[in-house]
Amino acid sequence: WQTEEEIAEGVIAIYNRLLTDGGFGRMTPSLNDVRGDDVWSESPWTVYPLTGDFTIFSAYDVLEWPWREYFIMVYRANLILERAGEIDFDNPEHGERLKGQALFLRAFTYYHLTENYEQVPLVLSVPGNADKYYPETDSRDDILDQIEIDLANAMELLPDSYNNIN
């Protein structure tokens with residue numbers, strides 16, 4: 001975390017988690033979609049019909065997959081937000097865009113965390129030691145307030161358009 005390029009690669013690493021099977025690549029849309037009235041599942045994998053019927057067991061291990069993927073994204077976003085402040089960017093506007101993307105992605109992830117798990121820990125920094133690895137959950141209102149703050153800050157940092165941006 002010593003160069004502008006490393007911060008940019010870190011932001012790409014956050015986006016990379018959107019492709020994973022356990023998160024946004026499959027489980028998030030699948031688990032969200034089957035809860036709709038216009039969708040049903042004939043899958044032999046019981047996670048889909050049980051989720052669609054709102055009868056899935058909380059101990060079903062597949063429900064841990066999105067949780068894991070979401071918190072990897074939160075961790076990476078927090079890492080970028082902390083480390084970007086230590087870098088002298090050749091192009092300060094590029095640095096602002098990278099921080100804005102990290103804020104947006106953290107807000108996006110927390111939205112999905114609260115929609116799927118309701119009460120989650122609000123982690124806004126990289127844990128400094130093992131004592132901080134298992135924080136208490138925060139209220140849904142606190143999470144939604146932080147989502148608003150992150151999105152407002154992201155809007156300040158991100159351009160209205162990416163046309164003509166180098």
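A salt bridge here is a side-chain nitrogen of Lys or Arg within 4 Å of a carboxyl oxygen of Asp or Glu. Keep that in mind for the views below. The model is predicted, so local features need pLDDT of at least 70 and side-chain atom pairs count only at pLDDT 80 or more, while totals for chains, interfaces and linings use all residues. Residues are numbered from 1 along each chain as its sequence is written, and side-chain values use heavy atoms, with hydrogens and water left out.

**View 1. Arg 140 and Glu 115 meet in a salt bridge.** The N to O distance is 2.9 Å. Arg 140 belongs to helix H6 and Glu 115 to helix H5, so this pair ties together parts that are 25 residues apart in sequence. Helices are DSSP runs of H or I with at least four residues, and strands are runs of E with at least two, numbered from the N terminus. Arg 140 is partly exposed, at 29% relative accessible area, and Glu 115 is partly exposed at 36%. Buried means under 20% relative accessible area, exposed over 50%, and partly exposed in between, using a 1.4 Å probe and protein chains only.

**View 2. Asp 150 pairs with Arg 106 in a salt bridge.** The closest N and O atoms are 2.8 Å apart. Asp 150 sits in helix H6 and Arg 106 in helix H5, so the pair links parts 44 residues apart in sequence. Both partners are buried: Asp 150 has a relative accessible area of 2%, and Arg 106 has 6%.

**View 3. Glu 82 and Arg 83 form a salt bridge.** Their closest N and O atoms lie 3.8 Å apart. Glu 82 is partly exposed at 31%, as is Arg 83 at 25%. The whole structure has 6 salt bridges.

**View 4. The largest nonpolar core has 24 residues.** Such a core is a set of buried Ala, Val, Leu, Ile, Met, Phe, Trp, Tyr and Cys residues joined through side-chain atoms within 4.5 Å. Ile 7, Ile 14, Phe 71, Tyr 110 and Leu 113 have the most contacts inside this core. Two or more residues come from each of H1, H4 (64-84), H5 (92-117) and H6 (140-157). H4 gives the largest share, 7 residues.

**View 5. Pro 159 is found in the segment after H6.** This residue is partly exposed, with a relative accessible area of 26%. The C-alpha atoms of Pro 159 and Gly 100 are separated by 9.2 Å, although the two residues are 59 apart along the chain.
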